[in-house]
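Biologist: I'd like to learn how to read a helix and the strands around it. Can you walk me through one case?

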Amino acid sequence: MRISTMASLCNSSAMDTFPQNNRTFQILDAASKGGYSVGAYNCYNDDGVIAVIRAAHTCRSPAIIQIFPWTIRFQGPHFVRYVIEAAHSANVPIAVHLDHCIEPDDVKTALDLPFDSVMIDASTLGPEENIIKCREIVQIANAKGIAIEAEMGRIEGGEDGLPSVDMETILTQPNLARAFVKETGVQFLAPAFGNIHGKYGLGGPEASWRLDLLMDVHNAIPQIPLVLHGTHGVSDELFQKIRKYGILKINMNRTVRNEYTDFVAQNAAKLELTELKMRGVEVYAKSIERVMRHVLGSAGKA
């Protein structure tokens, strides 16, 4: 399904209720109907922001720019507002999402900024505490037009990427996912099905992921867009395969950032800063264009 105009992503009399008027929701809803996934690209500086916007424009692709609470603390709310204004001024649909918001002060600050969506990470709490915390934030955020993503279960990478906990105890269970969504009202869910935050161990994601469990979660809450965390080392083929399991939002970090980082490291002492930034953004944007065109299937959908 193609998002034909930017007007369709603006609040209007024809679409004036939440979450249908939320930009992240609209982007993922169109992806669900159109049979593709959308990249959520982690950006740490303005190079990343510019690269995502340029790649999305070149590919006519929807996109999500993701920043972390670190960005708010280090670069300040004014930088966040710049990111949001730049994204919303693009002639293709681009949302801005805050990832892994854990600390109460960060949550409070985030809900006072015009984010399209925020991930509330209370997954380190017990199940009941997670529900209570998420439900409270969902009510406040939704009233402000901000959509909420939550995580159920948590898998930390340990030595050599091996899980540091018993995986079976913290994987997302389908019946609990259904209850969690119903009780909290979250718009998007990031399930734990063997995906790891960090580097995967021997065998990579293929040896760790429980795709049967992921499908059961998707079948339990088919109306909820699922989010993939833990994408370092994931192959193009696996990214493509996972779409049929309900994954609509795919978090991208090193997958599209490594070539840019390598370029900057190799040329920082050789090029003037202006040229370094311009050429660095070009490298970064090309990496993003590749996944839009050849991995996610989002190119040409905006």
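Modeller: Let's take helix α2, residues 46-59, which has 14 residues. Helices (H or I, at least four residues) and strands (E, at least two) are DSSP runs, numbered from the N terminus. Bear in mind that this is a predicted model: local features need pLDDT of at least 70, side-chain atom pairs count only at pLDDT 80 or more, and totals for chains, interfaces and linings use all residues. Residues are numbered from 1 along each chain as its sequence is written, and side-chain values use heavy atoms, with hydrogens and water left out.

Biologist: What span is expected for α2, and what does it reach?

Modeller: The expected span is 1.5 Å times one less than the number of residues. From its first C-alpha to its last, α2 reaches 20 Å, close to the 20 Å expected.

Biologist: Which residues of α2 are buried?

Modeller: The general idea: an α-helix has 3.6 residues a turn, so residues three or four places apart point the same way. Buried here means under 20% relative accessible area, exposed over 50%, partly exposed in between (1.4 Å probe, protein chains only). In α2, the buried ones are Asp-47, Gly-48, Val-49, Ala-51, Val-52, Ile-53, Ala-55, Ala-56 and Cys-59.

Biologist: What do the buried residues of α2 pack against?

Modeller: Contact means heavy atoms within 4.5 Å. Their partners are β1 (38-42), β2 (63-67), α3 (69-89), β3 (94-101), α11 (254-267) and α12 (273-296).

Biologist: And the two ends of α2?

Modeller: At the start, a side-chain oxygen of Asn-45 comes to within 3.1 Å of the backbone nitrogen of Asp-47. After the helix comes Arg-60, with a positive phi near 50 degrees.

Biologist: Which way do the residues of β1 point?

Modeller: In a regular strand the side chains alternate between the two faces of the sheet. From β1, Val-38, Ala-40 and Asn-42 point one way, while Gly-39 and Tyr-41 point the other, and all are buried.

Biologist: Which strands pair with β1?

Modeller: Two strands pair if DSSP finds at least two bridges between them. β1 runs parallel to β8 (residues 247-252), joined by four bridges; Gly-39 has Ile-250 as its bridge partner there. With β2 the pairing is also parallel, over three bridges, and Asn-42 is partnered by Gln-66.

Biologist: What is the hand of the crossover from β1 through α2 to β2?

Modeller: A crossover is right-handed if, with the strands pointing away from the viewer, the path from the first strand over the helix to the second runs clockwise. This β-α-β crossover is right-handed.

Conventions: Polar contact = N/O pair within 3.5 Å; in protein donor to acceptor, adjacent residues only side chain to side chain.
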